[in-house]
Amino acid sequence: MHLMMILITLAVAWWLRSSWREPQGSWSLRWRRSLFLFLFPPLLIFMTAIAVLFMGPQGRMGGMYAGSISYFLALIYLGIFAILCIKLAFQGWQSVESARNCPSVNLGEKRARLLQTEAMFAGQIGFWHPELVVSVGLLQTLSPNHLESVLAHEQGHYQYRDTFWFFWLGWVRSCTAWLPNTEPLWQELLVLRELRADSYAALQVDPLVLAESLLLVVSSNPLSSEICCAALGSPSADRLEQRVEALLAPPEPTPEAQLHSWHGFMLAFLPLVTVIFHS
């Protein structure tokens, strides 16, 4: 019976991910749909594995005997989840330590770490309280107005704690790379993250100047890192046109997350209800 639960869960997760099509519409609509299809299937699988693990390798459910195969499958899968989390956390810690080894520099009212490279880079590196890191090449190339727009964009990433939340989303990506549309959904979430930071910055600086800064940074083949890092130049030029058009268009409000938008995720906890039918 437990094995049947696992198979049904995998079928539902596969079907949901396969139903994704690159969405159109407002930022809010795209974000809610992409985040749901990215998170719900792995959360459903995770809750099913937890339920199977909790029920154990023996007993009966629905008049059918439970075997040990499903129990060990759930145990192995959760173990892989844990190993991938530890691996990504270690890589993130290395990124943070590398940033902290860079000298500190004052940029007006902000403090940043100075990366000794001619490549153009500006990004937040860390977890809940990331540090701003900029490169020598960026400071030498950009004008004060362009630099101000870049810093405003990075402040947007800090405001929304993008490095923290996308660390966990990156973990989900690693754990479910075998599901369909994992990479397209990840790229969609990345570009929506950048559009949100662009929108935040556009309220502080001239959107046209920000668009020019974006073109300058992306065209220079900037450094990039996806682990605990939110940088102006990520994702790369494949979505650059979309970001520039959004900056030049009338501003679109970015609503705060509402509680009702998370109701759909409660369905992922249904497998835990099956525990009461186990004996």
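Arginine 161 sits in the loop between α5 and α6 (162-175). Helices here are DSSP runs of H or I with at least four residues, strands are runs of E with at least two, and both are numbered from the N terminus. This is a predicted model, in which local features need pLDDT of at least 70, side-chain atom pairs count only at pLDDT 80 or more, and totals for chains, interfaces and linings use all residues. Residues are numbered from 1 along each chain as its sequence is written, and side-chain values use heavy atoms, with hydrogens and water left out.

**Single residues.** Asparagine 181 lies in the loop between α6 and α7. Threonine 9 belongs to helix α1 (residues 2-18). The table gives their burial. Buried means under 20% relative accessible area, exposed over 50%, and partly exposed in between (1.4 Å probe, protein chains only).

| Residue | Relative accessible area | Class |
|---|---|---|
| Threonine 9 | 9% | buried |
| Arginine 161 | 18% | buried |
| Asparagine 181 | 23% | partly exposed |

Arginine 161 has a phi near 55 degrees, a positive value in a residue other than glycine. Asparagine 181 has a phi near 65 degrees, again positive in a residue other than glycine. Threonine 9 touches Leu44, Ile45 and Thr48, leaving aside residues up to four places away in sequence. Contact means heavy atoms within 4.5 Å.

**The helix pair.** Helix α5 (residues 144-159) packs with helix α7 (residues 182-202) at about 120 degrees, and their axes are 8 Å apart. Because of that angle, α5 is oblique to α7. Axes are lines fitted to C-alpha atoms, for helices over the stretch in contact, and angles run from 0 to 180 degrees between N-to-C directions. Under 35 degrees counts as roughly parallel, over 145 as roughly antiparallel, 65 to 115 as roughly perpendicular, and the rest as oblique. On the α5 side, Ser149, Ala152, His153, Gln155, Gly156, His157 and Gln159 make the contact.

**The whole protein.** The protein has nine helices and seven strands. Of its 279 residues, 47% count as buried. Residues 24 or more positions apart account for 72% of the contacts with a separation of 6 or more.
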